[in-house]
Amino acid sequence: MSMKQVTGSVLAAAASCLVWGVSSAQAADLGGNCCADLEERIAELESTTARKGNRKVSLTISGWVNEAVFFWDDGRESNTYVGTNALEQSRIKFAGEAKISEGWSAGYTLELGILGGDSKSFDEKLPSGAADKANSIAVRKANWFIKSKELGKVTVGQEGTATYHLLDDADGANTRNYSDAEAAAVALGGFHIVNNATGNYVGTTKWTDIMGGFNNATPGQSGRRNVVRYDTPTFANFTATAAWGEDDMWDLALTYKGDVGDFKLVGKVGYGESTDPKANKGNCADRGNGDCQWWGAAGTIMHAPTGLYVYGGYGEQTLDLKAADAGLDDSSTTWFVQAGIERKFFPLGKTTVFGEYRHDDVGVSKAGNSSDLDFWAAGVVQNIENAAMDLYVIYRHAEGDYVNTANTSIGLADWDMLMTGARIQF
């Protein structure tokens with residue numbers, strides 16, 4: 001007997017008993033049409049319900065939509081674009097898990113990134129930019145795992161490495177998805193630099209071409225790769241992570257999350273190496289031989305009663321230079337600090353008000369021999385608890401100078417952006 005038949009029979013029996021208790025005469029008048037109607041309603045309900053391939057492995061669908069309006073001025077031109085906030089793009093995630101035995105389970109993650117208009121492709125000519133990733137879908141994660149309560153978790157497939165979002169995930173405030181460590185670099189998108197002295201664009205050189213780091217132009221952290229990853233069980237609020245994969249990379253990280261008195265603490269530190277020139281984008285591949293090393297450390301301390309907090313960190317990347325660039329600076333660093341307050345001033349949800357500063361001291365980059373860059377930002381994030389939604393308004397500013405590959409120093413026109421949008425989760 002099918003599940004539908006069993007369900008229909010049970011409901012029909014229950015309905016018959018109820019009606020019989022009220023009036024046997026009325027029950028006789030109902031005949032068989034009552035049960036047929038229930039069967040039809042159940043069949044209709046089943047046809048509109050998400051189904052699983054089997055009843056052993058769970059299926060959870062989640063994700064969010066993150067869209068915004070961007071007002072920008074690059075020192076020569078200005079405009080307004082609408083698109084997907086690429087810092088944490090819109091996405092949909094399928095995840096599940098099944099119990100193998102006591103203390104053991106297996107599961108999977110499949111996550112797709114969705115871009116309406118990719119803000120990381122924005123430039124001064126078009127909102128789609130030269131890269132033009134508008135209206136696209138990409139695989140962010142595709143992996144399976146086996147987990148033991150006592151021994152930890154092993155993941156195989158496309159997943160974040162041990163130092164993936166190392167600096168970003170140390171953000172313990174609700175700025176994590178809107179203004180973390182790499183937010184300044186992501187906001188620059190594909191915009192080209194303007195020579196402050198002439199007011200003209202410097203060829204096709206972009207801001208991110210004169211920055212360090214192979215993951216969103218932020219030294220000190222890696223990205224999502226095809227790896228084998230191991231996470232230890234949490235012990236005394238510490239978790240260790242190791243990953244290896246691609247051709248070849250490996251990294252290690254240590255995470256702390258806990259409370260000390262009235263203070264909430266988050267801290268991360270990690271180190272990695274890679275010899276994969278395809279995965280190592282940015283200066284590591286363009287000016288190096290594909291071999292680079294990186295490390296970073298970051299953390300947040302928040303005073304729970306008042307909501308006052310400080311989040312900051314440091315990241316560094318070193319690359320093995322090509323023979324033609326021997327003697328140049330092979331190291332790029334970034335350091336940043338964000339301070340603010342996060343409290344429930346209104347019944348809607350917590351409000352986060354913050355200001356931040358980031359400084360990049362860049363050695364050899366894709367388009368330069370050195371760069372000295374400063375980034376400022378300030379904003380407000382308002383959580384709406386009943387809608388699982390965050391509204392945000394953030395102002396960003398970039399300035400600096402760099403030495404090009406011909407050893408000529410060029411001052412840059414200031415770059416400014418005001419973004420306002422929302423992220424709603426499901």
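The structure is a predicted model, in which local features need pLDDT of at least 70 and side-chain atom pairs count only at pLDDT 80 or more, while totals for chains, interfaces and linings use all residues. Residues are numbered from 1 along each chain as its sequence is written, and side-chain values use heavy atoms, with hydrogens and water left out. Helices (H or I, at least four residues) and strands (E, at least two) are DSSP runs, numbered from the N terminus.

**Strand β17 and its partners**

- Strands β16 (residues 349-362) and β17 run antiparallel and are joined by 12 bridges, where two strands pair if DSSP finds at least two bridges between them.
- H359 has D374 in β17 as its bridge partner, and the hairpin that joins β16 to β17 passes through five residues.
- Strand β17 is also joined to β18 (residues 389-404) by 16 bridges, and these two strands run antiparallel.
- I384 stands opposite M389 in β18, and the hairpin of β17 and β18 has four residues between the strands, with A388 taking a positive phi near 50 degrees.

**The largest nonpolar core**

- The largest nonpolar core has 51 residues, and those with the most contacts inside it are F191, W207, L412, W415 and M417; such a core is a set of buried Ala, Val, Leu, Ile, Met, Phe, Trp, Tyr and Cys residues joined through side-chain atoms within 4.5 Å.
- Among the elements that give two or more residues to this core are β1 (60-73), α4 (183-187), β17, β18 and β20 (415-425).
- Leaving aside residues up to four places away in sequence, W415 touches D73, D74, A187, L188, F191, W207, R396, H397 and A398, where contact means heavy atoms within 4.5 Å.
- In soluble globular proteins, nonpolar side chains tend to be buried together.

**A nonpolar patch on the surface**

- V154, V228, Y230, W244, W250, L252, Y271 and W295 form a nonpolar patch on the surface, with about 720 Å² of accessible area together.
- Patches are made of residues with over 30% relative accessible area and no salt bridge, with nonpolar side chains (Val, Leu, Ile, Met, Phe, Trp, Tyr) joined within 5 Å and like charges within 9 Å; a salt bridge is a side-chain nitrogen of Lys or Arg within 4 Å of a carboxyl oxygen of Asp or Glu.
- Accessible areas come from the Shrake-Rupley method with a 1.4 Å probe, and for residues only the protein chains shown count as cover.
- Strands β9 (224-231) and β11 each supply at least two residues of the patch, and W250, which lies in β11, counts as partly exposed at 35% relative accessibility.

**A buried loop residue**

- T161 sits in the loop between β6 (152-160) and α4, and T161 is buried, with a relative accessible area of 1%.
- The C-alpha atoms of T161 and G223 are separated by 6.3 Å, although these residues are 62 residues apart along the chain.

**Backbone details**

- Most residues other than glycine have a negative phi, and most peptide bonds are trans.
- The peptide bond from D247 to D248 is cis, with omega near -10 degrees, and D248 is found in the loop between β10 (238-245) and β11.
- E246, placed in the loop between β10 and β11, has a positive phi of about 50 degrees although it is not a glycine.
- N407, found in the loop between β18 and β19 (409-411), has a positive phi of about 65 degrees and is exposed, with a relative accessible area of 57%.

Technical notes. Buried < 20%, exposed > 50% of the residue type's maximum accessible area, 1.4 Å probe, protein only.
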